[in-house]
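This report describes a pocket, the surroundings of a ligand and the aromatic pairs of one protein model.

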Amino acid sequence: MDILECINSKRSIRAYTDEIISEETLMNLIELGTKVSTGSGMEPWGFVIIKNKDEIDSLSETSKKYLLENLEKYPYLHQYEEWLKSPEYSIFNHANTLLLIYGNTESHWYVYDCSLAAGNIMLAAHSMEIGTCWIGFAEHTLNTKEFKEKHGVPEQYELVCPMSMGYMKTKLTPPKRKEPIIFSK
Ligand SMILES: Cc1cc2nc3c(=O)[nH]c(=O)nc-3n(C[C@H](O)[C@H](O)[C@H](O)COP(=O)(O)O)c2cc1C
């Protein structure tokens with residue numbers, strides 16, 4: 001796929017087939033993610049891959065419970081209360097793979113660098129018919145001390161991007177956006 005077509009057609013995908021993303025493909029995507037620019041050349045990223053469906057479902061339930069119990073701390077999530085209350089709703093949209101990007105806080109630039117890496121991975125995945133979605137709903141659950149310890153993430157790494165992924169079940173139309181605001185030209 002041509003790079004401009006890739007950028008122009010990439011959407012957040014929330015419906016996936018059962019096809020498993022191979023280890024080789026995941027490692028290739030991560031490698032492509034790390035080709036981005038990186039503040040002071042620090043490459044502050046680290047990754048966790050989760051492919052265990054039971055763990056993914058359980059993380060969704062834990063995240064929903066936590067958010068519903070703490071909704072007052074997250075005014076920008078009030079609009080999603082009904083989704084979070086629905087027993088059928090999986091915050092990961094029943095994806096069979098999660099790719100989590102953590103940033104080393106020893107680099108001042110870790111949020112920017114890891115977000116750029118996430119963008120590269122999303123675009124590269126799109127070109128391989130793999131859909132991705134950034135899952136902000138998971139940002140607390142996947143950044144707890146307990147979760148990080150379980151997955152070998154050192155304390156000084158903070159979660160930047162929780163991403164669900166899977167082969168696309170359906171293709172969406174290209175994104176529509178508002179006119180960009182140009183403050184001056
Ligand atoms: C920081 C961030 C957090 C997001 N969190 C969620 C989320 O928790 N759940 C979800 O389904 N989509 C989430 N999204 C996807 C957005 O809803 C989506 O990008 C937006 O609606 C535009 O749609 P598009 O990406 O298909 O163009 C998130 C996107 C970003 C960049």
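The largest pocket has a volume of about 250 Å³. Of its 17 lining residues, Y80, W134, I135, G136 and F137 are the closest to its centre. A pocket here is an open set of points on a 1 Å grid over the protein atoms alone, where a 1.4 Å probe fits, with protein on both sides within 12 Å along at least five of seven lines; lining residues have an atom within 4 Å of a point. The lining divides into 12 nonpolar, 3 polar and 2 charged residues.

The model is predicted: local features need pLDDT of at least 70 and side-chain atom pairs pLDDT 80 or more, whereas totals for chains, interfaces and linings use all residues. Residues are numbered from 1 along each chain, and side-chain values use heavy atoms, without hydrogens and water.

Around the ligand (a heavy atom within 4 Å) are R11, S12, R14, C133, W134, I135, G136, F137, P175 and R177. This shell comprises 5 nonpolar, 2 polar and 3 charged residues. The table gives polar contacts, pairs of N or O atoms within 3.5 Å.

| Residue atom | Ligand atom | Distance |
|---|---|---|
| R11, polar side-chain atom | oxygen | 2.7 Å |
| G136, backbone N or O atom | nitrogen | 2.9 Å |
| R177, side-chain N or O atom | oxygen | 2.8 Å |

Taken alone, the ligand exposes 630 Å², of which the protein buries 62%; the areas come from the Shrake-Rupley method with a 1.4 Å probe.

The structure holds 7 aromatic pairs (ring centres within 6.5 Å). One of them, Y89 with F137, is edge-to-face (planes over 60 degrees apart), at 6.3 Å centre to centre and 90° between the planes. Y89 lies in the loop between α4 (81–85) and β2 (97–104) and F137 in the loop between β3 (130–134) and α6 (145–150), so this pair ties together parts 48 residues apart in sequence. Helices (H or I, at least four residues) and strands (E, at least two) are DSSP runs, numbered from the N terminus.

Terms used
Polar contact = N/O pair within 3.5 Å; in protein donor to acceptor, adjacent residues only side chain to side chain. Nonpolar A, V, L, I, M, F, W, Y, C, P; charged D, E, K, R; others polar. Points joined across faces, edges and corners; volume = space filled by probe spheres on them. Phe/Tyr/Trp six-rings, centres within 6.5 Å; stacked < 30°, edge-to-face > 60°.
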